[in-house]
Amino acid sequence: LIKMDRNQLYIYHGTDAKAMAAHLLKRSGIQSEIKPEYHVGIKPNLVEAKPASSGATTHPELVEAVVEFLQEIGVQKITVMESSWVGDDTEEAFRVCGYEELAHRKKIKLVDLKKDVTIKRKAGKIELEVCRSPMEVDYLVNMPVMKGHCQTGITCALKNMKGCIPDAEKRRYHRIGLHEPIAAVNSIIRPDLILVDALNGDLTYEGGGSPVPMDRILLGKDPVLVDACAAKTMGWEPGEIKYIMLAESLGIGSSCVERAEMQEFGKANRTIDPATLRGDATDFDGFIDAGNACSACYATLLYALKRLDQEGKLTLLVENLKIGQAYKGLNLSRLGIGDCTSNFDQYVPGCPPEASVILEHLRKQTLDEKCTRMEASIGLI
């Protein structure tokens, strides 16, 4: 196997989380860079004591796949380390999220970073206090959830490292502005591998409640590239997420998704019943005509509609958007989403398309509608 480099991204579509992760880990060739005597740290996202089904936390099945992969190549010292957000109990999150049971069964260690010794490090003009344990492992695996965030827009690989700082520092980050210290901490603690849980991340809020089934995972080594890809998937351009660009300016990685080497595996065959969605994800049902839409396509459309709503343009949509396998081969004078609607007069290509590409089409459509309404109001039409 050829070892994975920083310009590569692997994406696996499907619902069998353990099998998907095991496949990507083996294909990546990273076993050649991990020695059996290494101490490997795993940093999931356990922001609070909520199960992964909420869209807030990393699925324990993915972490189990990483643990089994490491044990198969002879690694014995494995530590899962995390610090839940301020006001929540990490040990309770370990229990509720299934990590306590996993640790007992696989004989690995859990470390609550809220209780860890801290050290001071300087990153550019900022001096930061960081937890020592992530700095002392030989190999660090970052396992974030790809989801929305109420302040930064998205959260994924770069922001997940915020769990490697003490609570007092987390409070300070919010006082001085999140973006700069998020970028800075990633210049101090640099994971060797990133495995992203994009199975059902929350639509808008890091604490869960509006999970969107996306049925995919991502594997990469460059956190800036991973986050740039996540941003586009969720309807943002990388340049709109300030901490991504700050991290790139610090030399942490590249945000140029267009130049990345992407390999995709599997297929998102599971269809979505909109009636099963929860929270904010239900706000957009009235704008979608779904006909056997698969999870990946439906999710990216939801992300695009959420962004359109944030821009105040959602009500300018003149017709419901068609999406799903039921529209294959049909010739309609409508805007369709995804390759299943390729016979429509207009459609957004992709299987699935990125939310950012869908958003670009929707912006044009709503701009045309706005112009039509303005002309009508002054009697031009």
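This is a predicted model: local features need pLDDT of at least 70, side-chain atom pairs count only at pLDDT 80 or more; totals for chains, interfaces and linings use all residues.
1. Packing of α1 and α2. Two packed helices are described by the angle between their axes and the distance between the axes. For helix α1 (residues 17–28) and helix α2 (residues 60–72), the angle is about 40 degrees and the axes lie 8 Å apart. The two helices are therefore oblique to each other, and their crossing is right-handed.

2. Residues at the α1 and α2 contact. On the α1 side, the contact is formed by Ala17, Lys18, Ala21, Ala22, Leu25 and Lys26. On the α2 side, the contributing residues are Glu61, Leu62, Glu64, Ala65, Val66, Glu68, Phe69 and Glu72. Sorted by class, this contact comprises eight nonpolar and six charged residues, with no polar ones.

3. Location and burial of Asp215. Asp215 belongs to the loop that runs between β10 (193–198) and β11 (216–220). Is Asp215 buried or exposed? Its relative accessible area is 5%, below the 20% limit, so Asp215 counts as buried.

4. Surroundings of Asp215. The side chain of Asp215 makes a polar contact of 2.6 Å with the side chain of Ser295. With neighbours within four places in sequence set aside, the residues in contact with Asp215 are Tyr12, His13, Gly14, Thr15, Met20, Ala198, Leu199, Arg270 and Ser295.

5. His179. This residue is part of helix α8 (residues 179–188). At a relative accessible area of 19%, His179 is classed as buried because the class covers values under 20%. Which residues does His179 contact, leaving aside its neighbours within four places in sequence? They are Thr152, Lys242, Tyr243 and Leu246.

6. Location and burial of Gly291. The loop between β13 (288–290) and α11 (295–310) contains Gly291. Gly291 is buried, and its relative accessible area is 9%.

7. Surroundings of Gly291. Where sequence separation is concerned, Gly291 and Gln325 are 34 residues apart. In space, their C-alpha atoms are 6.1 Å apart. Not counting residues up to four places away in sequence, Gly291 touches Ile323, Gly324, Gln325, Ala326 and Tyr327.

Key:
Residues are numbered from 1 along each chain as its sequence is written. Side-chain values use heavy atoms; hydrogens and water are left out. Axes are lines fitted to C-alpha atoms, for helices over the stretch in contact, and angles run from 0 to 180 degrees between N-to-C directions. Helices (H or I, at least four residues) and strands (E, at least two) are DSSP runs, numbered from the N terminus. Angles under 35 degrees count as roughly parallel, over 145 as roughly antiparallel, 65 to 115 as roughly perpendicular and the rest as oblique. A crossing is left-handed if the near helix is turned anticlockwise from the far one by less than a right angle, and right-handed if clockwise. Contact means heavy atoms within 4.5 Å. Ala, Val, Leu, Ile, Met, Phe, Trp, Tyr, Cys and Pro count as nonpolar, Asp, Glu, Lys and Arg as charged, and the others, Gly among them, as polar. Buried means under 20% relative accessible area, exposed over 50%, partly exposed in between (1.4 Å probe, protein chains only). A polar contact is a pair of N or O atoms within 3.5 Å; within protein, one must be able to donate a hydrogen and the other to accept it, and residues adjacent in sequence count only if both atoms are side-chain atoms.
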